[in-house]
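Please read the following note beside the sequence and the coordinates.

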Amino acid sequence: MNIQFKKGVLELCVLSLLEKKDFYGYELVEHISQYIDISEGTIYPLLRKFRTEGYVTNYLEESQEGPPRKYYKLTERGMEVLEELVIEWESFIDGVNNILRGDLS
Amino acid sequence: MNKQEYLDRLMYYLQGLPISELEDIFSDYEEHFRMGISKGKSEEEISKELGDPMEVANNYKTIYGYNDTQNMDNTNYSSNDTKRLLVTIGLIAFNIIIVAGPYLGLAGVLLSFYGVGISIIVSGFVVLFGFPISIFTPIPTPHILTSIAFGIGLLALGTLGIILSVYLTKLLYQLTIKYIKWNLELINKLGGLENEY
C-alpha cells in the first residue's frame, strides 16, 4: 500500500486508540500490528511527532516488571485533530465505496 | 539483525539530531526490544517487525525538518556555504599552482604529436609525387619505385601518428572529466553535504 496513505491511516488509528485509554509504546504497537500490517518502527516516530505538535503528552508509570513505562495521553488539541481526521476518513471511505459500487449517477 | 546492530544502525542514521532526542529515541527502542524479548520473541524477529532502521530514522528526521538534503542544507546554510567557499578556493589555488602547468604541458605535447603526424603525411605525399621539390631544387630524383614505397611508408607512419594522437586526446579528455568530477565531489564532501540521506 502507498506509504503516505498508510501513514495517514496510522495517525488516525493511534489517535483513536489513545482516545479510549492511555497506552505505553509497546502496547500501542502490539495492538495496532494485530490488525494492520505495518513496520512497527514507524509508530514511535509518530508518537514523537504527536508530542511535538501537542496532540499527546507523556508520563511515566511504574510497572511490576522492569523500569517505569512511558505512557501517552491524548490532549484536547489531539482530540480535536482526531475528530477532523475521523470526518475526513469517513467521507473518503464513502467516496471510495461509491466508486467501487459503480454508481455513475 | 540483532538488537545491538539494529540500535547501532538507527543511531547512525539519526546523526545530526540533538543528543537529548537521540537518548530518548534510543530508550524507546531499547524498551521495545526488552518488551518483545519478555514476550518470547527473538531479537531478529523484533528487528524485522520494526522495519528498516534507515526508514525509521527518516521518519524522525521528517519531524525535525531534516528530511531531505534541501532542508539539511537550509538549516546550516551559512556554515556550509563558508566551508564550501573555502574548499573551492583551496582547490582552485591547488589547480592553478600544481596541476595547470603539467596539464598544459601535456596538452602541448599532444598538439605537437598532431603536428608531427601531419608533417610526416605531407612529406609522404611529397616523396610519392616528387613534387614540388624536384621542380625548384636540382636534386637527383630517386627511382620511381623507391619514391612510391618510401612515400606510402611515410603516409602510413603519419596516419598511425594521427590515430595515436586521437587516442591520447580521448584519454586526456576522459581524465580531465574524471578530475573535474573528483573536484566537485571533494567540494560537496568537505563542504558539509556528506550527511545527505
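How many salt bridges does the count come to over all chains?

1. The count comes to 11 salt bridges over all chains, where a salt bridge is a side-chain nitrogen of Lys or Arg within 4 Å of a carboxyl oxygen of Asp or Glu. This is a predicted model, in which local features need pLDDT of at least 70, side-chain atom pairs count only at pLDDT 80 or more, and totals for chains, interfaces and linings use all residues. Residues are numbered from 1 along each chain as its sequence is written, chains are lettered from A and ligands numbered from 1 in the order in which they are written, and side-chain values use heavy atoms, with hydrogens and water left out.

2. Chain A has four helices and three strands, in the order α-β-α-α-β-β-α along the sequence. Helices (H or I, at least four residues) and strands (E, at least two) are DSSP runs, numbered from the N terminus. Of the 105 residues of chain A, 37% are buried; buried means under 20% relative accessible area, exposed over 50%, and partly exposed in between (1.4 Å probe, protein chains only).

3. Helix α3 of chain A (residues 43-52) is mostly covered, with seven of its 10 residues buried. Among them are Ile43(A), Tyr44(A), Leu47(A) and Phe50(A). Just after this helix, Gly54(A) has a positive phi of about 80°.

4. Arg48(A) and Asp24(B) form a salt bridge through their side chains (3.1 Å, N to O). Arg48(A) lies in helix α3 of chain A and Asp24(B) in helix α2 (residues 19-38) of chain B, so the pair joins two chains. Arg48(A) is buried at 3% relative accessible area, whereas Asp24(B) is partly exposed at 24%.

5. In chain B, the side chains of Glu49(B) and Lys41(B) meet in a salt bridge (3.1 Å, N to O). Glu49(B) is partly exposed at 25% relative accessibility, and Lys41(B) is partly exposed at 24%. Elsewhere, salt bridges that share partners join Arg48(A), Arg51(A), Lys70(A), Glu21(B), Asp24(B) and Asp28(B) into one network.

6. Within helix α4 of chain A, Glu80(A) and Arg77(A) are three residues apart, about one turn of the helix. Their side chains meet in a salt bridge (3.5 Å, N to O). Glu80(A) is partly exposed at 42% relative accessibility, and Arg77(A) is partly exposed at 41%.
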